[in-house]
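Please look through the sequence and the model shown here, and keep both in view while reading.

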Amino acid sequence: VATARANVAANGLLPWIRVGEAEGTRSPLLSGRFGLVFANILAGPLKQLAPSLAAHLAPRGIAILSGLLARQAPGVEAVYRGQGLRAIHRIRLGEWMTLVLERR
């Protein structure tokens, strides 16, 4: 969190980006809906977070999910599809996959 906050400050983005640590989506930082959410964690936790992450995503909002092995991505994508998100882009880097999803 300290490194992320320092990077946000160094890039002059403090007015627009909130940085913090939370267990899942339970945090005062996460009130309301967001147009962009990044999550770089394992497939299992990403699946568990799907309902609450989707609830915090604004209509037409984008979720970028990374930290996935390519073979895990279809399962994660299916869970998020069930929450009303659709894949608009997939980025593969070796064995790793990033999903870019949009809330319908």
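The side chains of Arg60 and Glu102 come together in a salt bridge, with 3.1 Å from N to O; the term stands for a side-chain nitrogen of Lys or Arg within 4 Å of a carboxyl oxygen of Asp or Glu. This pair links distant parts of the chain, since Arg60 belongs to strand 2 (residues 57-69) and Glu102 to strand 4 (residues 96-103), 42 residues apart. Helices (H or I, at least four residues) and strands (E, at least two) are DSSP runs, numbered from the N terminus. The model is a predicted one, in which local features need pLDDT of at least 70 and side-chain atom pairs count only at pLDDT 80 or more, whereas totals for chains, interfaces and linings use all residues. Residues are numbered from 1 along each chain as its sequence is written, and side-chain values use heavy atoms, with hydrogens and water left out.

For comparison, most residues other than glycine have a negative phi.

A second salt bridge joins Arg90 to Glu77, where the closest N and O atoms are 2.6 Å apart. Here too distant parts of the chain are linked, with Arg90 in strand 3 (residues 85-93) and Glu77 in helix 3, 13 residues apart. Is Glu77 buried or exposed? Glu77 is buried, because its relative accessible area is 12%, whereas Arg90, at 47% relative accessibility, counts as partly exposed. Helix 3, where Glu77 lies, covers residues 73-81. Leaving aside neighbours within four places in sequence, Glu77 is in contact (heavy atoms within 4.5 Å) with Ala87, Arg90 and Leu99.

Another salt bridge brings the side chains of Glu95 and Arg92 together, at 3.9 Å from N to O, and both of these residues are exposed. Arg92 has its place in strand 3, and its relative accessible area is 52%, so it counts as exposed. Not counting residues up to four places away in sequence, Arg92 touches Ala70 and Met97. The C-alpha atoms of Arg92 and Leu68 are separated by 9.7 Å, although the two residues are 24 apart along the chain. How many salt bridges are there by this rule? The count comes to 5. As a general point, side chains of opposite charge can pair when their charged atoms come close.

Away from these pairs, Leu30 lies in the loop between helix 1 (2-10) and strand 1 (34-40). Leu30 is partly exposed because its relative accessible area is 26%. Leu30 touches Gly24, Thr25 and His56, when residues up to four places away in sequence are not counted. The C-alpha atoms of Leu30 and Gly20, 10 residues apart along the chain, are separated by 9.6 Å.

Turning now to the whole chain, the protein has 3 helices and 4 strands, and read along the sequence they follow the pattern α-β-α-β-α-β-β. The C-alpha trace spans about 35 × 30 × 25 Å along its principal axes. Of the 104 residues in the protein, buried residues make up 35%. Among contacts between residues at least 6 apart in sequence, 55% join residues at least 24 apart.

Conventions. Buried means under 20% relative accessible area, exposed over 50%, partly exposed in between (1.4 Å probe, protein chains only).
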